[in-house]
Amino acid sequence: MTEARSELENETEDDVVLEYEDETTGSVELEYEEEIESESALAVSVDVEDWYHVPAVTGSSFSEYEDVHEFFDQWDEEYDYLTEPTHRTLDLFDNLGITATFFVVADVVDNYPGLVEEIAERGHEIGCHGLHHECAIDPDTKEPRFTREEYKEQIGTAKQKLEEATGQEVVGFRAPNAYVGGWVLDVLEEVGFKYDSSVARNSLYNKTDQRLDTVGTTSYTPCFGSLDPGGDRELVELPWPYYDAKLGKIPAAGGPLIRLFGRRVVQAGIEQSLRRGDSVFYFHPIDIARESFPKVGNTRRRPAYWIGKGWRAERRVQKLLQKIDVPLVPCECLFRRAALE
Ligand SMILES: [Zn+2]
C-alpha cells in the first residue's frame with residue numbers, strides 16, 4: 001500500500017485531529033462558529049521551498065549541509081519533491097477561485113525550470129522567500145548570520161532573479177524560517193521591498209531578536225531598526241495570526257500548525273484575528289507533498305518536521321479555505337490597504 005493511500009484511509013473524520021487538540025490545547029474554548037463582522041480580509045500565501053531548504057538540512061547553524069551549494073555538490077539522487085505539490089496547490093486555488101501570494105526561494109528559478117514562471121502566468125503574486133532560504137539570524141543566539149552588506153547583496157539578487165523570471169515587480173518578502181529582526185526589515189526597504197510578512201507573536205516561540213509585546217495580528221508600520229509598531233516609513237509588516245486564549249497566545253498562521261494542531265485551532269486563531277483586522281494564512285506545497293522525503297537532516301532539532309503532511313494536510317487546508325467567510329486575497333492587497341490608512 002502506498003503512503004498516500006494509507007494516509008487517506010486513516011483520514012476518515014476529524015476525530016484524530018480532535019484527540020490531538022485535546023492533548024495539547026485542552027482548555028481552549030474555540031469560538032470558530034462566531035461570525036466575523038468586520039470587513040477584514042485574509043491574505044492567502046504559499047512558501048515555495050523544497051525539503052532540503054529547511055534548516056535541519058541547509059542554511060542554519062545546525063544544518064546537515066552548510067548551504068544549498070554544498071547540498072547540490074554532494075546530493076546525486078532525485079531532489080525535486082516540490083513541483084508536483086505546487087501544481088496541486090495551483091489547481092486547488094483554481095478550483096476555489098483564489099488568487100494568492102507565492103513567496104518563492106529565488107534559487108527555485110534555477111533548479112525547477114518553468115515553475116515560478118507558471119505560478120506567475122496563472123495569475124498569482126510572486127513574493128521573495130530569500131535566495132537559498134538561509135536563516136538571517138542564528139536560531140540559537142539571534143545574532144545576524146550575515147553582515148548588512150552581505151544580506152543586502154543576497155536579498156537584492158533574489159529579488160532581481162524573481163523579477164527577471166516572471167516580469168513582475170516583487171514587493172513582498174517572507175523571512176526564511178521566519179527568523180527576522182528589525183535590521184532585516186531595514187535592509188528589505190533599502191533593496192526596494194514594500195512589505196514583509198514574517199513576524200509571529202505567540203506564547204510558544206519567538207524567532208526574532210527582540211520581545212514582541214507591542215505586536216498584534218493586524219498590519220502595521222514598524223519603527224526603524226525594530227519590529228515594534230509606530231514607525232513613519234513606507235514598509236508595512238503583515239504579522240501572523242494567533243488565538244488569544246487564557247493560557248496564552250497560540251500561533252495560527254498555517255502550514256506546520258495545521259499539521260500539528262489540526263484545522264480547528266488554526267481556523268479559530270485566524271477567525272479571532274480577523275475580528276481584529278486583516279490577517280494572513282500560509283502553507284507550503286511540501287506540507288501537502290504525498291511522497292516521503294529523503295531521511296536526511298538534523299531531525300534531533302526538529303523531530304516533528306513532517307508529521308501530518310500529505311493528504312491530511314491538503315484536506316485541512318482546503319476545508320479551512322472553504323470555511324473562512326471573508327475575502328481571500330493576495331498579500332499585496334493587505335499592504336495596499338495598510339498603506340492607504
Ligand atoms: Zn520557508
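Q: Why does Val265 count as buried?
A: Val265 has 25 C-beta neighbours inside 10 Å. Buried takes 20 or more other C-beta atoms within 10 Å of a residue's own, exposed takes 12 or fewer, partly exposed is in between, and the C-beta atoms are placed from the backbone. So Val265 counts as buried, with 25 such neighbours.

Q: How were these residues numbered and picked?
A: Numbering starts from 1 along each chain as its sequence is written. The model is predicted, so local features need pLDDT of at least 70 and side-chain atom pairs count only at pLDDT 80 or more, while totals for chains, interfaces and linings use all residues.

Q: How do you know how confident the predictor is across the chain?
A: Look at pLDDT, the predictor's confidence in each residue on a scale from 0 to 100. The protein chain averages 89, and 87% of the residues score at least 70.

Q: Where does Val265 sit, and how far is Ile250 from Val265 in space?
A: Val265 is in helix 10. Helices are DSSP runs of H or I with at least four residues, strands are runs of E with at least two, and both are numbered from the N terminus. Ile250 is 15 residues away from Val265 in sequence and 8.3 Å away in space, C-alpha to C-alpha.

Q: What makes the crossing of helix 10 and helix 11 right-handed or left-handed?
A: Helix 10 passes helix 11 in a right-handed crossing. The axes of helix 10 (residues 263-276) and helix 11 (residues 311-323) cross at roughly 30° and come within 10 Å. Those axes are lines fitted to C-alpha atoms over the stretch in contact, with angles from 0 to 180 degrees between N-to-C directions.

Q: Which residues bring helix 10 and helix 11 into contact?
A: A contact means two C-beta atoms, placed from the backbone, within 7 Å. Arg263, Val266 and Gln267 in helix 10 meet Arg316, Lys319, Leu320 and Lys323 in helix 11. That set divides into 2 nonpolar, 1 polar and 4 charged.

Q: What makes strand 7 and strand 8 a pair?
A: Pairing needs at least two DSSP bridges between two strands. Strand 7 (residues 242-245) and strand 8 (residues 248-251) have 4 bridges and run antiparallel, so by the two-bridge rule they pair. They form a hairpin with 2 residues between them, and Ala245 stands opposite Gly248.

Q: In which sense do strand 2 and strand 3 pair?
A: Strand 2 (residues 101-104) pairs with strand 3 in the parallel sense over 4 bridges. Phe103 has Gly127 in strand 3 as its bridge partner.

Q: How do you know whether both faces of strand 3 are covered?
A: Side chains alternate between the two faces of the sheet in a regular strand. In strand 3, Glu125 and Gly127 on one side and Ile126 and Cys128 on the other are all buried, so both faces are covered.

Q: What makes the phi of His133 and Asn177 stand out?
A: Most residues other than glycine have a negative phi. His133 has a positive phi of about 70°, and Asn177 has one near 60°. His133 lies in the loop between strand 3 (125-128) and helix 7 (148-166), and Asn177 in the loop between strand 4 (172-173) and helix 8 (182-191).

Q: Why is His133 called buried, and why is Asn177?
A: His133 has 28 other C-beta atoms within 10 Å, so it is buried. Asn177 counts as buried too, with 23 C-beta neighbours inside 10 Å.

Technical notes
Left-handed = near helix turned anticlockwise from the far one by under 90°. Nonpolar A, V, L, I, M, F, W, Y, C, P; charged D, E, K, R; others polar.
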